[in-house]
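User: I would like to learn how to read a few features of a protein model, taking the definition of each before the case at hand. Could you take me through them in turn?

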Amino acid sequence: MKFHLAINLERMTPDTDMKAVRDHTLDMVKMADAAGFEIAWAAEHHALEMTIAPNPFQILGWWGEHAKNIRLGVGVVNAAYWHPINLAGEAAMLDLLSDGRLEFGIGSGAYQREFDRMKPGLDQKDSWRYMQEMLPVVQKLWDGDYAHDGEFWQFPSATSCPKPVQSDVPVWVAARAPITFDYAVEHECNILSWPLTMPMSEVETYAKRLKDAVDAAGKPFKGTWAIMRHTAVYETEADRQSALGSLRHVLGQFGNLMMKRGKVINGFPEQVPLEELDGNARVDPEMLETNLMFGSPAQVVEKLKAHQAHGADAFVYYASMGADMDLQKRSLQLFIDKVMPEFAAQELAHAG
């Protein structure tokens, strides 16, 4: 199993030092790089302090200057917010500046509140149509001159300047719905899935959707299927309680954005009362600890093996959940020291 890191520049309160947040993300990426993580992922979001990511290419270019081996994953751009020529050029420039480390992720966005500001009139449920038109256009622009007359974009002959260094840029699609799994398999994309706070049955559902997509396409899936989970590895009760408390706070803000309930003041979402989130099932501490990649090193190893048993090729360690920065670093260090070696031993055993 391969390991990836997803981390955001996040502020939970206005008194959090933005430079400290900036430096923290780089520290985490450098830790992951030194430990042999394969990819570091940066998101795209707008006007939200909990995910400060107006342009993931900027963030990744900065990380790439300081972390020299880890690949740089766009996780993910929202196709509806971009013009194809602009997106192709930004992505190719990152590939050039990083000596060919771009992992290009594209998706359909998450928060209707964000669409209401960035793409007024577009329902998030319909944004997959933009993604499916955008991706092949970007790839054609990377190849050379191309003119496009589509549903959402039209332009005369143009090309991406610069071109990517890689002759075949790895492409990732954020997939949860069957239609997106079908698209990813048909177009030979890698797949990123995020079960949110749902139990292992959600991963089983995704595994079935991937199998159904493979059957429908009539060809094997040759890409990587990566599962992302909020992660906290701890050995003390204090760190356990802190991690769970921080995540529950963030989930209240997440509920605001998903349900458009509550205000966002100067970039900070108000919390939705936790009892209003799906009957409180999605934020119950015991359920969160069971469903997410939370626990002691031994517990996390067993959870990772369960994800692996359902077909996951890679695990994305999602570090951002409003937790204290020192706690985030302790958790990642425990993962590096006491979880990853179990999978290195597994690979050696298979090789033998």
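Analyst: Let us begin with secondary structure, where helices (H or I, at least four residues) and strands (E, at least two) are DSSP runs, numbered from the N terminus. In this sense Ser246 has its place in helix α8. This is a predicted model, in which local features need pLDDT of at least 70 and side-chain atom pairs count only at pLDDT 80 or more, while totals for chains, interfaces and linings use all residues. Residues are numbered from 1 along each chain as its sequence is written, and side-chain values use heavy atoms, with hydrogens and water left out.

User: How many cavities of 30 Å³ or more does the structure hold, and which residues line the largest cavity?

Analyst: On a 1 Å grid over the protein atoms alone, a cavity is a set of points where a 1.4 Å probe fits but cannot get out, and lining residues have an atom within 4 Å of a point. Grid points are joined across faces, edges and corners, and a volume is the space filled by probe spheres set on the points. The structure holds 1 cavity of 30 Å³ or more, and the volume of the largest cavity is about 40 Å³. Its lining consists of Thr231, Ala232, Tyr317, Ala319, Met321, Ala323, Leu327, Gln328 and Ser331.

User: How does the lining of the largest cavity divide by class?

Analyst: Ala, Val, Leu, Ile, Met, Phe, Trp, Tyr, Cys and Pro count as nonpolar, Asp, Glu, Lys and Arg as charged, and the others, Gly among them, as polar. By that scheme the lining of the largest cavity has 6 nonpolar, 3 polar and no charged residues.

User: How many salt bridges does the structure hold?

Analyst: A salt bridge is a side-chain nitrogen of Lys or Arg within 4 Å of a carboxyl oxygen of Asp or Glu, and the structure holds 14 of them. One joins Asp116 to Lys260, with the closest N and O atoms 2.7 Å apart. Asp116 lies in helix α4 (residues 112–118) and Lys260 in the loop between α8 (237–259) and β11 (264–265), so this pair ties together parts that are 144 residues apart in sequence. Asp116, at 29% relative accessibility, is partly exposed, and Lys260, at 49%, is also partly exposed.

User: Where do the residues of the pair Glu235 and Lys338 lie?

Analyst: Glu235 is in the loop between β10 and α8 and Lys338 in helix α11, 103 residues apart, so that the pair links distant parts of the chain. Their side chains meet in a salt bridge (2.7 Å, N to O). Salt bridges also link Glu237, Arg240 and Glu289 in a network.

User: What is the count of disulfides?

Analyst: A disulfide is a pair of cysteine sulfur atoms within 2.5 Å, and by this rule the count comes to 0. As for individual cysteines, Cys161 is exposed, with a relative accessible area of 63%, whereas Cys189, at 1% relative accessibility, counts as buried.

Definitions and conventions: On a 1 Å grid over the protein atoms alone, a cavity is a set of points where a 1.4 Å probe fits but cannot get out, and a pocket is an open set with protein on both sides within 12 Å along at least five of seven lines; lining residues have an atom within 4 Å of a point. Buried means under 20% relative accessible area, exposed over 50%, partly exposed in between (1.4 Å probe, protein chains only).
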